[in-house]
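Please read it alongside the sequence and the structure shown here.

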Amino acid sequence: MRTLIERYYTQYYFIDTTSTDANITEDQYVNQHTNDLAVIGVAPSHPVLQQEISKIEFRENAVNNEVSGVRKTGGFKLQSNTILCVITCSNGKEYFLRSCLKGKLLEINKELINNPSLLKTNHATSGYLAIIEPMIKDKFMENPGLIKFEEYHTLRNIPIQKGPVFLKDNTNGED
Amino acid sequence: MENEATTTTTIVNEITPPTTEPITTTEPTTTTTEPITTTTTEPITTTTKTTTTTTTTNKFKIPDNNEELIKFATEQRFEAGTIDYRNLLFRLESLESRLFKNVHFPTIVQLHSINVCPRCIFRFLNIKELSIYQESYNTLSHLIQFIMFNQKQKDLQIQHKEKLEKQKLDENKIEIEEAEEKEKEKEKEIEIEKEKEGEEYEILKYDPNFNEKWNNFVCCCCLGILQDTNNKELFLDDFIVKMKSSGYEFQNYSLALSIPMSAIIREQSIWYYLIDCFPNVYNEKKSKEIVEIKEGVKWVLGPIISRQLFFQFKPSSDFRGNMQFNHEETKDDHQFLTTIEAGKRGNKRQKLSTKRIKIPTSDSSTSIAEILGKTTKKEFCLNGSVPPTPLQTKYSYDLSFRHEPVFLAGKYNKYVRDLSQTPWEYDDSSVQDIICKDIKDIFKAETIVFTTSGREDIDVRMLGEGRPFYIEIINPHKIFFKNQDYEKLESSINDSTKKIKVSNLQLITKKETTIIKDSGGTKQKNYRCIIWTSRTLQPSDLDTLNNLKDIELKQNTPIRVLHRRSLMIRNKKISKLQATFISPHFFMLDIIDAQAGTYIKEFVHGDLSRTLPNIGQLLGNCEADILQLDVLNVDLNFPAKRK
């Protein structure tokens with residue numbers, strides 16, 4: 001549902017700066033919704049997408065995370081580099097996925113535990129990792145480690161693909 | 001005329017005016033001789049009396065109302081022999097015989113002596129006869145005087161008799177018994193008896209032109225509130241004008257009074273005083289039986305308001321006048337109570353140091369009333385003033401009005417995709433703004449609150465019969481509207497814009513608003529939307545959707561609203577789907593009878609698979625997105641079509 005992401009979210013990327021190999025960049029995406037909440041997941045450049053995933057294991061306090069009420073009290077407090085889960089690939093390689101933002105954990109995608117391949121097939125949509133309420137909302141770029149959509153595609157040399165754009169209907173007449 | 005004159009003269013002869021000091025005289029002979037010298041027809045003697053009485057009893061001057069007092073004093077004069085004079089006496093007699101047969105007379109004397117007004121005296125006597133409170137202050141002043149005068153006369157008669165008895169101590173016992181019986185008999189009988197026995201004490205008749213104590217005191221209990229209630233000059237005229245010019249439209253009215261705390265404390269003080277004076281008659285239990293000041297005021301004002309203004313009283317009326325009485329002079333009366341309470345708390349705290357004790361620091365009337373209830377008589381008498389201190393000044397009052405909200409209901413349609421229902425910071429217009437623009441002015445209201453039965457998104461049109469809404473109009477001054485007024489209002493809204501339309505405008509009751517408010521969980525809605533799919537579809541692919549019935553959804557709170565809704569899975573139901581093929585990537589979908597609160601957009605695009613099932617999933621191997629959404633119908637037939 002590329003159209004949905006493009007309509008409702010501003011897309012950012014959390015860049016792997018520690019990588020020594022230019023081909024192995026553990027990048028993640030951070031999609032900020034118009035209501036400021038953020039959905040995170042693995043970016044197209046993440047090496048895990050080239051592997052066969054055998055297991056996705058969330059941290060215990062992420063699995064047990066529960067928020068209550070409109071104010072979402074009780075959510076797990078996150079730093080930008082808090083590890084949320086470990087992905088084990090069939091070749092034994094392990095990848096750590098991080099929270100990307102300082103904030104509060106609202107929800108993890110528990111579907112990934114039962115169906116790890118979802119991450120690979122639908123990494124941009126239903127294979128999302130978690131929903132976070134970021135601490136810095138207004139000046140979102142002040143969250144350390146983030147770069148913008150275009151910048152990311154240039155940096156990783158990935159062509160930009162967009163879904164169809166539909167004209168907005170503001171007329172008074174019937175369709 | 002002749003008959004009239006003769007009757008008058010006979011009455012004049014009957015009435016013997018008393019002297020200025022009939023009560024203090026112990027010798028009955030002086031009282032009987034003096035009145036004969038003064039004749040009621042002479043105006044000079046009466047005026048001199050007035051001056052003497054005012055000078056002797058004028059202990060507490062009321063600077064503000066001096067002129068009024070003089071006026072009152074002169075109005076209180078009655079020309080002997082006039083109809084007014086006779087009427088007054090007749091009235092006093094009937095009131096006394098009707099209501100004061102079994103009262104404790106010393107109480108009246110005692111209360112009168114500490115400056116308690118007649119109506120407050122009635123309160124302490126627990127007289128619940130409305131009519132007596134409604135008498136004019138003038139009559140009531142006389143009544144108190146009249147009762148006291150008669151009582152004193154009776155006492156003097158008894159004294160006189162005892163004296164005679166002493167003299168006749170050696171005489172026959174039967175005679176004494178007869179005399180004792182006679183004591184209990186009524187005045188008239190005594191008079192007859194008087195003719196028989198020349199030596200008998202002569203009973204005097206009350207003269208209204210003599211008043212021991214004029215009106216120049218402020219009731220130390222009600223602070224003048226009940227004292228003035230039907231006094232035209234001091235209170236009533238001003239009050240009636242204020243009531244009349246409230247500027248409100250209303251069906252009926254009610255009055256809410258707020259009495260200064262000092263009046264309540266003073267009431268308690270008087271009870272303690274009465275208990276001290278008459279321990280055999282009063283005890284602390286009895287002090288609960290009292291007519292409240294508020295009640296008294298209402299008894300007096302109610303009939304006057306209905307007579308003069310034709311307002312109808314209703315206890316829980318939507319329109320209410322709030323009378324806030326204040327009294328600057330006694331505003332610190334309660335302080336001794338809080339001091340007592342603070343002292344008690346100090347001791348308690350030492351004992352129960354670990355327990356947290358609620359500290360009533362505020363001077364609110366409820367907390368003071370609470371303290372008053374806890375304070376013992378001993379503590380009260382020791383720290384407060386019993387009886388209450390005399391007053392120099394009267395109450396003041398504010399009269400404000402309030403009308404309960406009225407509710408304007410209707411339905412609205414929205415025909416555009418760029419107008420939100422409620423105002424938000426990024427937009428300069430909304431459905432609410434357009435509808436409510438002139439409502440506040442039309443109803444001359446304080447504020448208004450717009451409520452709808454559910455809501456649609458900014459980019460969703462509201463078609464069909466429209467969505468029910470109501471506007472709570474707070475403190476309206478204008479509430480009477482005709483059908484043509486609603487029509488006018490509708491067309492003024494509908495002519496101002498093409499974006500929305502309102503219909504069925506009408507006033508509804510508060511109870512009926514719950515139909516709109518509570519319909520949330522029950523009502524069903526029909527939607528129509530245009531859907532795009534990532535996969536190319538054949539018309540036959542849509543059969544999967546059309547064959548579905550009673551689809552049960554599990555909707556995790558959409559991310560779109562997660563910032564203001566709690567996170568949970570919501571179970572919703574959709575009865576039916578009707579898909580119409582448009583082109584390989586597009587089709588139209590009618591969603592029939594979706595349960596209230598179903599997030600339709602999420603049902604279509606799936607919200608990152610957080611709503612299951614969703615259209616993309618139902619079609620299989622497909623992404624779906626919603627391009628346009630209309631609400632076709634809100635299944636709530638309210639408000640009804642206007643007749």
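Predicted model: local features only at pLDDT ≥ 70, side-chain atom pairs only at ≥ 80, totals over all residues.

Residues are numbered from 1 along each chain as its sequence is written, chains are lettered from A and ligands numbered from 1 in the order in which they are written, and side-chain values use heavy atoms, with hydrogens and water left out.

**Aromatic rings and charges**

Both F481(B) and Y486(B) are buried, a word that stands for under 20% relative accessible area, with exposed meaning over 50% and partly exposed the range in between (1.4 Å probe, protein chains only). Ring pairs also link Y248(B), F250(B), Y253(B), F311(B), F313(B), F319(B) and F401(B) into a cluster. A charge is said to sit over a ring if NZ of Lys or CZ of Arg is within 6 Å of the ring centre and within 35 degrees of the ring normal; the table lists two such cases.

| Charged residue | Ring | Distance to ring centre |
|---|---|---|
| K242(B) | Y397(B) | 4.3 Å |
| K478(B) | F481(B) | 4.8 Å |

**Nonpolar cores**

A nonpolar core is here a set of buried Ala, Val, Leu, Ile, Met, Phe, Trp, Tyr and Cys residues joined through side-chain atoms within 4.5 Å. The largest core has 87 residues, of which F100(B), I108(B), I132(B), F239(B) and M323(B) touch the most other members. Its largest share, nine residues, is supplied by helix α13 (residues 261-277) of chain B, where helices (H or I, at least four residues) and strands (E, at least two) are DSSP runs numbered from the N terminus. A second, separate core holds 59 residues, among them I435(B), A445(B), I473(B) and I574(B).

**The contact of chains B and A**

With contact taken as heavy atoms within 4.5 Å, 29 residues of chain B and 31 residues of chain A take part. The two chains bury about 2,600 Å² between them, 56% of it on carbon and sulfur atoms, buried area being the accessible area (1.4 Å probe) that two parts lose on being put together, summed over both. On the side of chain B, I559(B), L567(B) and L608(B) lose the most area to chain A, together 23% of what that side buries. Two salt bridges are counted between chain B and chain A, each requiring a side-chain nitrogen of Lys or Arg within 4 Å of a carboxyl oxygen of Asp or Glu. R610(B) forms a salt bridge with E107(A), and their closest N and O atoms are 2.9 Å apart.

**Backbone details**

V386(B) and P387(B) are joined by a cis peptide bond with omega of about -5°, and P387(B) is placed in the loop between α17 (377-383) and β3 (396-403) of chain B. N115(B), although not a glycine, has a positive phi of about 70°; N115(B) lies in the loop between α6 (105-113) and α7 (118-124) of chain B and, at 3% relative accessibility, counts as buried.

Notes:
Phe/Tyr/Trp six-rings, centres within 6.5 Å; stacked < 30°, edge-to-face > 60°.
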